Amino acid sequence: MARILLVWELGAGYGHLAQLRRIGAAVQARGHEIAYAVRSLDEAADVLGVTAPMFQAPLVGPNFALAGTRLPLSSLPDILYATGFSHARTLMPAVRAWEMLLGLVAPDVIVADYAPVATLAAWSFVPVLAVGNGFTLPPRHLAELPPLATRSGPGVPARHILEVAAQIQAARRAPAPASLGELLGGDRGFAFGLELFDPYRDLRLEPLYAPLEPLPPPLPPPADPRSAFVYLGGDYAPTAPALMALAERAKEQGIRLAATIRRAPLRLRDGLAALGVTVHDRPPPLAEMLAGHGAVVHHGGLGTAAAALAAGRPQVLFTQHLEHGLNGAALARLGCAVAVEGRDGPALLARAVTGVLDDPQAAERAAAAAATRREQPDGLPALLDAIDTLGGRAR
């Protein structure tokens, strides 16, 4: 039996945790011991429950995070720069904290979901198997990553990120990753997700595996087509005003809304309920929400986007960042979604949702888009075999 540490460091929402939950359960079924180190303990409690030891992942402090100073972020190097890889002194406290946590847990193998700092801290000391999606795990052979969206100026070059990593490792007297592919992908990477959402699909040489979470089959029309399920984050500042505007319009036009708002303030929950919105305390099964509603409103996370696409439901994306915007653009090209940026004003979300529900052809386009899915290989067995192999070597 080996000890496996499952790590989540960057990104938001439940998607990273849902992926680690599925991997963790499969790892335990093979007889290994697991522990988690996660970005958000409260979200992890919702998704993972009390199934294994859990630790707070060391993060770059908010005084050092530069996400608000280099907008728009249009590539992974931009994101890494904004989340700690701007200077060695910015990153070193988190790297040292990871050193201490790894010394405490003493894992034989690390499974890292979007965890570049943990991967750097473990580099050459503990084997790292990276998991993620097409966005978070770019092709390993690329020396430079292309911009994924229009930018207003020059972006951060990959070499700057690698120089910072090299300075960190020189201070630790440790080897440094030679490429962004190694920094993000560890010793071996396993990318999961639909090809539609892979921004590097034309450049990727390694396989893109089928989503770890099973996708629903195409669904028949719901009994009440003028209805929508809303799944958003209450800690995103534009969410509350946009949701209240949507709820008011829905009440005026006889649209039924159900909502799950992560970390929603009590005032927002009460306000939505007063306008007739069914507010769920915990996320209900997504398949049930897809079957019972005519559209889905969400930020653009890959799990929700893929499930709604597979079910053939129109989507409205209330995007927060680069990855959400890319997912929205991919769906919009199929004609099955409308994407609005959260910063563009609260009224836009209400107009987009009512526009989709009032469009008689929206459901037909979504059903047609569901038929574009192609078969992909199952990557979980290969990942588990790699864990067994590396865990056996460590023992």
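These legends accompany close-up views of a predicted model.

**View 1. Crossing of helix 1 and helix 2.** Helix 1 spans residues 15-29, and helix 2 spans residues 41-48. Their axes come within 10 Å. They cross at roughly 50 degrees. The two helices are therefore oblique to each other. The crossing of helix 1 past helix 2 is right-handed.

**View 2. Residues in contact between helix 1 and helix 2.** Helix 1 contributes Leu-17, Ala-18 and Arg-21. Across from them, helix 2 contributes Glu-43, Ala-44, Val-47 and Leu-48. Sorted by class, this contact holds five nonpolar and two charged residues. No polar residue takes part.

**View 3. The second largest pocket and its centre.** This pocket holds about 320 Å³ of space. Its lining is made up of 21 residues. Nearest the centre lie Pro-221, Pro-222, Gly-294, Pro-314 and Ala-363.

**View 4. Helices in the lining of the second largest pocket.** Two or more lining residues come from each of helix 13 (347-358) and helix 14 (362-370). Helix 14 supplies the largest share of the lining, with five residues.

**View 5. Residue classes in the lining of the second largest pocket.** The lining has 15 nonpolar residues. Four charged residues and two polar ones are also part of the lining.

Notes: Residues numbered from 1 in each chain as written. Predicted model: local features only at pLDDT ≥ 70, side-chain atom pairs only at ≥ 80, totals over all residues. Heavy atoms only, no water. Axes fitted to C-alpha atoms, helices over the stretch in contact; angles between N-to-C directions. Helix = DSSP H or I, 4+ residues; strand = E, 2+ residues; numbered from the N terminus. Parallel < 35°, antiparallel > 145°, perpendicular 65-115°, else oblique. Left-handed = near helix turned anticlockwise from the far one by under 90°. Contact = heavy atoms within 4.5 Å. Nonpolar A, V, L, I, M, F, W, Y, C, P; charged D, E, K, R; others polar. 1 Å grid on protein atoms, 1.4 Å probe; cavity = no way out; pocket = protein on both sides within 12 Å on 5 of 7 lines; lining within 4 Å. Points joined across faces, edges and corners; volume = space filled by probe spheres on them.
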